[in-house]
Amino acid sequence: MLSIDRNLENSGHQYLSQVDDLENPPSPNQSLLPLTAKVNKNDTLEIGGCDVELLVKRFGSPLYILDEFTLRTACRQYREGFANHYSGESQVIYASKAWSCLAVCRIIDSEGLGFDVVSGGELYTTLQAGVSSDKIYFHGNNKSAAELELAVESGCTVIIDNWLELKTLAAISSAKSPKPVPILLRLTPGIECHTHEYIKTGHLDSKFGFDPNQIEEVFSFVSGQPALNCIGLHAHIGSQIFEQQPHQDLADVLAQWLKKANEYGLPVNILNIGGGLGIRYTETDDPPSITNWVKAVSEATESACHKHQIPLPKLIAEPGRSLIGSSCVTAYTVGGNKEVPDIRNYIAIDGGMSDNPRPITYQSLYRSVIANKMSAPMSRNVTVAGKHCESGDVVIKDANLPETEPGDILVVMATGAYNYSMASNYNRIGRPAAVVVNQGEANLIIERETYQNLLERDRLPERLIDFRV
Ligand SMILES: *Cc1c(COP(=O)(O)O)cnc(C)c1O
């Protein structure tokens, strides 16, 4: 680790992970900027060996910039963490709702991870990226019959959320599948964790999963279904979690239920503990490292299995945010500003809630730097406003930034998870392009949406064309 020069302490340099040894990288989820971030001789931010200002010149703005090295590092730390700390079989599957597109799926598949998909569209994307269906797990609390049919045709594993789905899938499987469809059952464990209300899913009052008081009935039903092969149990307790205790408690709850399922004769051998590990969005966020989280979960699972006297199941974790969140930044171009005397200074950027709906949806906090002024002292407190017609479209309410001027490149950090995947065309603004950067090379992975793209699915009925009242 290098230490920051005193003069640079209050500049964009403070967000660099200060690694000189990428052979032994720190945990991506504890870093604000991607691990390869550097400041070059023009005092400009460089990611994956690419100058961010030049990337914006070449690909336009706003721009999602995905650092391949950081993403691969997170994949490896998860995979190796389980290999080192769990004595049974393990699998890491990427919760692709965090960011689903062909290139992201390819990179993660090439690291040997599996995939969790939550819609027909994500399943289709993953399959089109060349992922083998035996590595895909299909989630969701209201999968349609068409989605279940696609799941059965593709051969992926279905994570069953409720009775309707259980019965529909049993019928589809008997009618269409030559062999029983592999399923996991999703249970609501009744575990609370300290995160935003909307992203808590494990407490009892949740729309996801079977309620604990129905479990035995479900086990009994499933054991009488020859068209379904129940191979494991699943629970997911929430997202952006910094505590380790909830997942440790969850391992115990799931181990008990595995034992119960065994008593019903179900061939369950998978314990899927869900995702949820948090990442650093601001300097006060302090999540455990990927390795420490994996170690804690592995040890808790082993000791729970020991306690309940069941053999070690295959342990699955399905991280989304902590795999990809810290590997991407969004670069915007600074526009005008507005000073409200004694209250606030606004600076406007050329994106906002349509490319990153998290601040307006979850009051999420972000940090930013001016990519072309990395060493300038961050002497101003400003509000970074988006360009959408909503007063609430504020990307960062209290941003410390240097003096800025129109044309500067403002980079918002840790935007890899739930940004592109939640992006919309609100105000008919096209979604940004995305590039992947690695060792000085930048490749387009998602094209910028054009005005023409915005009209592609509009249809104008003939009778409206020349009609005038
Ligand atoms: C969203 C989700 C995940 C991933 O959550 P992260 O907080 O992004 O790690 C995993 N499993 C299920 C079922 C989910 O819904």
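These legends go with close-up views of aromatic rings in a predicted model.

**View 1. Tyrosine 64 and tyrosine 420 form an edge-to-face pair.** Let's start with how such a pair is described: we give the distance of the ring centres and the angle of the planes. By the rule used here, the count comes to nine aromatic pairs. In this one, the ring centres of tyrosine 64 and tyrosine 420 are 6.0 Å apart and the planes stand at 90°; because an angle over 60 degrees counts as edge-to-face, the pair gets that label. The two residues come from distant parts of the chain, 356 residues apart. Tyrosine 64 belongs to strand β4 (residues 63-67), while tyrosine 420 is in the loop between β18 (409-412) and β19 (433-438). Are these two tyrosines buried or exposed? Tyrosine 64 has 0% relative accessibility, so it counts as buried. Tyrosine 420 is buried too, at 17%, because the cut-off is under 20%.

**View 2. Tryptophan 163 meets phenylalanine 210 edge-to-face.** Here the ring centres lie 5.9 Å apart, with the planes at 85°. Tryptophan 163 is in helix α6 (residues 163-176), and phenylalanine 210 is in the loop between β9 (181-186) and α7 (215-223). This pair also links distant parts of the chain, 47 residues apart. Phenylalanine 210 is buried, with a relative accessible area of 3%.

**View 3. Lysine 143 sits over the ring of phenylalanine 138.** The charged end of lysine 143 is 5.9 Å from the centre of that ring.

**View 4. Lysine 167 lies over the face of phenylalanine 221.** The distance from lysine 167 to the ring centre is 5.6 Å.

Technical notes. Residues numbered from 1 in each chain as written. Predicted model: local features only at pLDDT ≥ 70, side-chain atom pairs only at ≥ 80, totals over all residues. Heavy atoms only, no water. Phe/Tyr/Trp six-rings, centres within 6.5 Å; stacked < 30°, edge-to-face > 60°. Helix = DSSP H or I, 4+ residues; strand = E, 2+ residues; numbered from the N terminus. Buried < 20%, exposed > 50% of the residue type's maximum accessible area, 1.4 Å probe, protein only. Lys NZ or Arg CZ within 6 Å of the ring centre and 35° of its normal.
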